[in-house]
Amino acid sequence: MSEFPKVKYSSIAPDVSAVFELPLLSEVTRLAGRAGSVETGGILVGEYFDGGRSVRITEVTAMPEDSRFGRAWFKRGRKGLDALLRDRWGQGQYYVGEWHSHPGGSAEPSGSDIAAMRKPVAPTLPRCGKSLATRCIAARRRYSSS
């Protein structure tokens with residue numbers, strides 16, 4: 001177990017949660033800040049515990065090179081993620097969700113964020129785990145997670 005403090009987020013489903021160590025939240029903040037006034041994002045990699053009802057986020061990625069983005073939208077690319085997830089799979093870690101930024105706004109999910117969260121999680125990437133559909137939004141004011 002790590003010595004870093006952790007932040008636990010609950011999802012829409014009360015029996016599902018995600019645990020982030022503060023250095024990983026700091027990395028999300030750094031990546032979002034580096035993008036300036038446009039949205040950015042990446043994937044969340046983690047490991048399951050508590051009978052699969054909880055996920056410990058172990059890694060956040062930067063935006064893949066083939067991602068597309070604007071001031072109020074983000075479409076994550078895939079370049080490099082297949083190889084990364086194959087490697088992490090061998091370590092017992094899986095794709096567990098997404099993160100993206102809202103550089104000029106609230107950390108609350110937008111209408112399109114909510115629509116995406118309600119869609120069934122289809123394994124568009126290899127080596128998906130149970131996929132709890134964890135999503136994290138970074139904004140200048142606070143974090144939101146679903």
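Buried here means under 20% relative accessible area. The model shown is predicted.

**View 1. Strand β3 is mostly covered.** Of the 9 residues in β3, 7 are buried. With β7, β3 pairs in the antiparallel sense over 6 bridges. With β4, β3 also pairs in the antiparallel sense, over 6 bridges.

View 2. V45 stands opposite Y95, a residue of β7. L44 has V60 of β4 as its bridge partner. In a regular strand, side chains alternate between the two faces of the sheet.

**View 3. The hairpin of β3 and β4 has 4 residues between its strands.** D50 belongs to this hairpin. D50 takes a positive phi, near 55°.

**View 4. The largest nonpolar core has 14 residues.** Those with the most contacts inside this core are F20, L44, V55, I57, V60, V96 and W99. Two or more residues each come from β2 (17–21), α1 (22–34), β3 (41–49), β4 (54–60) and β7 (94–102). The most come from α1, which gives 5.

**View 5. V60 and its contacts.** V60 is among the residues with the most contacts inside the largest core. Neighbours within four places in sequence are left aside here. V60 is then in contact with L24, E27, V28, I43, L44 and W99. L44 is also the bridge partner of V60.

**View 6. Another core lies apart from the largest one.**

Notes: Residues are numbered from 1 along each chain as its sequence is written. This is a predicted model: local features need pLDDT of at least 70, side-chain atom pairs count only at pLDDT 80 or more; totals for chains, interfaces and linings use all residues. Side-chain values use heavy atoms; hydrogens and water are left out. A nonpolar core is a set of buried Ala, Val, Leu, Ile, Met, Phe, Trp, Tyr and Cys residues joined through side-chain atoms within 4.5 Å. Buried means under 20% relative accessible area, exposed over 50%, partly exposed in between (1.4 Å probe, protein chains only). Contact means heavy atoms within 4.5 Å. Two strands pair if DSSP finds at least two bridges between them.
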